[in-house]
Amino acid sequence: MRIDLHTHSSVSDGTDAPASLVARAAAGGLDVVALCDHDTFDGLAEALAAGAREGIRVVPGIEISAGRRGVSVHLLGYGCDVGDGALGAELAAIRQGRDGRVPAMLAKLAALGMPLDAQEVADQVGGSPSVGRPHIADAMVAKGYVASRDEAFASFLADGGPAFVPRYQVEVGRGVDLVHGAGGVAVIAHPWARVSRSVLDEDVLVQLAAAGLDGIEVDHGDHDQATREHLREIAARAGLLVTGGSDYHGTGKTGHDPGSCLTAPDMFAEIESRLAVESSRA
Ligand code: AMP
Ligand code: FE
Ligand code: FE
Ligand code: ZN
């Protein structure tokens, strides 16, 4: 069984439509793929329908823009009820924060000699309800300011970079509670990639596990082998599930091809059994 529990579509900052993403995952030999767009469930219906056609199991997911002490932490939720009111309200607040920071980022880019207008960003956002820095990066590429998304982040958009503007994020412990309230399973995405490592030491992961966090994503392209081994030990001590996923965002974008990092079948079976318990309570 080949199980990839972390991908993005054009409904957030990926570039493949949900159905194309699922078709690609199936053609690549995956048995299970989770769609985890940032802060929106809008791609799930299309992805689930495509999964039925393509003969691949699609797990409904989300990647929630959470944080701790103002530092970004990404939280994956699997099997959430997309109609849950409390989670839906929080996601709406996060998306509002995403919209609200765009003008400030464009002002910073203009001051750096790289003007972009709102329409040039909108052209990259397309139909996504969840505007993100990758869309601004794509607009910078289209305008010829940088050669790639990665260059846009490395030089300007990364956390603390010259064109970075923070936005609203939900406190990670509250995010876990919201995922559980919606019947889902909560897993911290790439805990030791980029900035989140600074606010997620072993003690914090143990505390979050005691408060109900289900698992951590260990097998991720931004974790080297030593990091993965260390996180696996912490997970074993804390009783956390271990997952893996590609964080695919589209060909040539940040992240890797579907299936480049996988979740072990026994871990996926445990996620499914927790989801079954939650749905039988509903
Ligand atoms: P945002 O959600 O608007 O804050 O942007 C975060 C998204 O940008 C992440 O989900 C990644 O897709 C991408 N990203 C964040 N940091 C980097 C980086 N240093 N290099 C490339 N992409 C990044
Ligand atoms: Fe992303
Ligand atoms: Fe992420
Ligand atoms: Zn992701």
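**Terms and their grounds**

Me: What share of the 282 residues of the chain counts as buried, and what makes a residue buried?
Reply: Of the 282 residues of the chain, 53% count as buried. Buried means under 20% relative accessible area, exposed over 50% and partly exposed in between, with a 1.4 Å probe and protein chains only. This is a predicted model, in which local features need pLDDT of at least 70, side-chain atom pairs count only at pLDDT 80 or more, and totals for chains, interfaces and linings use all residues. Residues are numbered from 1 along each chain as its sequence is written, chains are lettered from A and ligands numbered from 1 in the order in which they are written, and side-chain values use heavy atoms, with hydrogens and water left out.

Me: How do you know that the chain agrees with a compact globule?
Reply: The radius of gyration is taken over C-alpha atoms, and the globule rule is 2.2 Å times the number of residues to the power 0.38. For 282 residues a compact globule would have a value near 19 Å; the chain has 18 Å, so the two agree. The C-alpha trace spans about 55 × 45 × 40 Å along its principal axes.

Me: How many helices and strands does the chain have, and what makes a run count as one?
Reply: The chain has 10 helices and eight strands. Helices (H or I, at least four residues) and strands (E, at least two) are DSSP runs, numbered from the N terminus.

Me: Which residues are called donors of the iron ion (ligand 3), and why?
Reply: Donors are N, O and S atoms within 2.8 Å of the metal (3.2 Å for Na, K and Ca); water is not among the atoms, so sites may look incomplete. E63 (OE), H74 (ND1) and H190 (NE2) coordinate the iron ion (ligand 3) at 2.0 to 2.2 Å, so they meet the iron cut-off. H74 lies in strand β4 (residues 71-78) and H190 in the loop between β6 (185-188) and α8 (202-210), so this pair ties together parts that are 116 residues apart in sequence.

Me: Why are H74 and H190 called buried?
Reply: H74 has 16% relative accessibility and therefore counts as buried. H190, at 10%, is therefore buried as well.

Me: Which residues are the protein donors of the iron ion (ligand 2)?
Reply: They are D13 (OD), H38 (NE2) and H249 (NE2), lying 2.1 to 2.3 Å from the ion. D13, in the loop between β1 (3-7) and α1 (18-27), and H38, in the loop between β2 (32-35) and α2 (44-54), are 25 residues apart and link distant parts of the chain. D13 counts as buried because its relative accessibility is 8%, and H38 because its relative accessible area is 7%. The iron ion (ligand 2) and the iron ion (ligand 3) are separated by 5.4 Å.

Me: What makes H135 buried, and which residues does it touch?
Reply: H135 has 2% relative accessibility and so counts as buried. The residue is placed in helix α5 (residues 133-142). Contact means heavy atoms within 4.5 Å. Not counting residues up to four places away in sequence, H135 touches S12, D13, Q124, V125, S128 and S130.

Me: Why is P191 called buried, and where is it found?
Reply: With a relative accessible area of 0%, P191 is therefore buried. P191 is found in the loop between β6 and α8.
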